[in-house]
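Colleague: I have just opened this one and would like a walk through it. Could you take me around, starting with the sheets?

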Amino acid sequence: MTENTESKSHSPRHKRDLTRRKVVIAGGGAVVAVGVGGTLAAGAFAGEKKQGTAATGEACYQLTSETTEGPYYIDADKIRQDITEDKEGIPLTLRIKVIDSETCKPLRNAAVDIWHCDALGIYSGYESLSTGGGGTPPTDAPSGTPTGTPTGEPPSGAPSGGTGGGVHEEPTDDERYLRGTWRTDKQGFVTFRTIFPGWYRGRCVHIHTKVHVSGTWTDAGYEGGNTCHTGQFFFDEEAVLASAEVEPYSTSTTERTTLTEDTIYDQSGTTGGLLKLKYKKNDIAKGVLATITVGVDPEATNTGT
């Protein structure tokens with residue numbers, strides 16, 4: 001991608017009713033949480049950053065960092081666990097546990113959104129605004145950007161106006177691959193099947209997420225509630241470098257931003273959204289299991305905009 005469209009604003013801030021969220025169920029079979037070789041290790045969440053221990057003995061985690069929503073969010077458009085559609089890439093099973101960061105209790109029936117670009121940096125719903133691996137830049141992209149100048153979204157807390165990454169863009173097409181929403185189970189877990197994301201100019205490899213609580217699941221989908229967390233998940237450099245050797249990632253001509261260079265990741269490990277990854281070191285193409293515990297404040301409102 002020759003210009004990072006997540007760093008620009010081309011339209012007024014998207015207006016949504018944040019207390020009334022209606023969605024339409026669209027496909028989505030059940031997903032079983034599996035790792036490389038078809039099993040999920042019992043210690044998949046071991047090693048994450050803990051802040052204490054609850055009376056029940058369950059680990060308590062720090063409040064997970066809030067980040068910008070970015071311009072490419074589409075509100076709970078697909079209620080499904082398998083968001084791959086026909087996109088090529090390394091199979092990725094993403095298993096998230098959502099807990100109350102103060103009580104350590106799992107949050108049941110929360111609605112979790114995830115969305116990310118494909119292997120070449122393209123976002124569904126915004127194909128005309130994203131050009132992925134070195135294609136033609138958008139017609140309204142600025143010229144003469146100095147080499148090395150960050151073009152990604154601003155750090156969390158940066159102004160959302162002007163060129164801020166928190167300003168929503170209206171979708172430009174009807175594609176919805178690599179997007180989905182699903183509910184957490186009684187233990188706070190939710191699992192998605194997708195592909196390992198690619199990269200685009202100015203950003204490291206990442207997945208966007210939102211957590212909605214206090215709403216109601218109906219036959220029509222999910223309604224009401226509040227968005228208590230807006231964040232992003234990140235991948236360590238070793239895994240990204242391994243993925244870059246696999247097609248179609250290896251065909252990208254876009255210069256990659258590393259994890260330490262990224263303007264959004266706060267370098268705090270699990271608290272900042274860094275995923276714990278399991279895969280065969282010499283054969284990442286077989287698939288990756290990514291796990292993380294997300295600590296949220298269910299009474300907060302964090303829209304990321």
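**A walk through the sheets and the core**

Modeller: Four strands make up an open sheet, and they come in the order β5-β4-β7-β8 with antiparallel pairing. Its edge strands are β5 (179-183) and β8 (221-234), each of which pairs on one side only. Please keep in mind throughout that this is a predicted model.

Colleague: By how many degrees are neighbouring strands of this sheet turned against each other on average?

Modeller: On average, and ignoring direction, neighbouring strands of this sheet are turned by 20° against each other.

Colleague: And how many bridges join β7 to β8?

Modeller: Strand β7, which covers residues 206-218, is joined to β8 by 12 bridges, and the two run antiparallel. To find one of these pairings on screen, look for Trp217, whose bridge partner in β8 is Tyr222.

Colleague: Okay, next sheet. What is the strand order in the one with β10?

Modeller: That open sheet also has four strands, in the order β6-β3-β10-β9, and here the pairing is mixed. The edges are taken by β6 (189-195) and β9, each pairing on one side only. Neighbouring strands of this sheet are turned by 20° against each other on average, direction ignored.

Colleague: Mixed how? Which pairs are parallel and which antiparallel?

Modeller: Going along the order, β3 (residues 91-100) and β6 run antiparallel and are joined by seven bridges, with Pro91 standing opposite Ile195 in β6. By contrast, β3 and β10 pair in the parallel sense over nine bridges, and there Ile99 stands opposite Gly295 of β10. Finally, β9 and β10 run antiparallel with three bridges between them, where Leu277 is found opposite Ala290 in β10.

Colleague: How many residues of β10 are buried?

Modeller: Nine of the nine residues in β10 (residues 288-296) are buried, so the strand is largely enclosed by the rest of the structure. Both of its faces are covered, with Val288, Ala290, Ile292, Val294 and Val296 buried on one side, and Leu289, Thr291, Thr293 and Gly295 buried on the other.

Colleague: What does β10 give to the largest nonpolar core, then?

Modeller: The largest nonpolar core has 39 residues, and those with the most contacts inside it are Ile96, Phe196 and Phe235. At least two residues each are supplied by β3, β4 (111-115), β6, β7, β8, α1 and β10, and β10 gives the most, with five residues.

Colleague: Which residues is Phe235 in contact with?

Modeller: If we leave aside its neighbours within four places in sequence, Phe235 is in contact with a list of residues that includes Leu92, Phe196, Val205, Ile207, Val240, Leu259 and Leu277. Apart from this core lies another one, of nine residues, among them Trp115, Cys117, Tyr126 and Tyr200.

Colleague: You mentioned a cysteine. How many disulfides are there?

Modeller: The count comes to zero disulfides. As for individual cysteines, Cys117 counts as buried at 1% relative accessibility, and Cys204 also counts as buried, with a value of 3%.

Colleague: Changing topic: I clicked on Asp262. Where is it, and is it buried or exposed?

Modeller: Asp262 is found in the loop between α1 (237-243) and β9 (276-278). Its relative accessibility is 6%, and because the cut-off for buried is under 20%, Asp262 counts as buried.

Colleague: What does its side chain make a polar contact with?

Modeller: The side chains of Asp262 and Arg203 are joined by a polar contact of 2.8 Å. Setting aside sequence neighbours within four places, the residues in contact with Asp262 are Gly202, Arg203, Cys204, Phe234, Thr257 and Gln267.

Colleague: Last one: what about Ala300, where does that lie?

Modeller: Ala300 lies in the segment after β10, and at 18% relative accessibility Ala300 counts as buried. Leaving out its neighbours within four places in sequence, Ala300 is in contact with Asn226, Thr227 and Cys228.

Colleague: How many residues apart are Ala300 and Thr227 along the chain?

Modeller: Ala300 and Thr227 are 73 residues apart along the chain, while their C-alpha atoms are separated by 7.6 Å.

Conventions:
Residues numbered from 1 in each chain as written. Predicted model: local features only at pLDDT ≥ 70, side-chain atom pairs only at ≥ 80, totals over all residues. Heavy atoms only, no water. Pairing = 2+ DSSP bridges. Axes fitted to C-alpha atoms, helices over the stretch in contact; angles between N-to-C directions. Buried < 20%, exposed > 50% of the residue type's maximum accessible area, 1.4 Å probe, protein only. Polar contact = N/O pair within 3.5 Å; in protein donor to acceptor, adjacent residues only side chain to side chain. Contact = heavy atoms within 4.5 Å. Core = buried A, V, L, I, M, F, W, Y, C linked by side-chain atoms within 4.5 Å. Disulfide = S-S within 2.5 Å.
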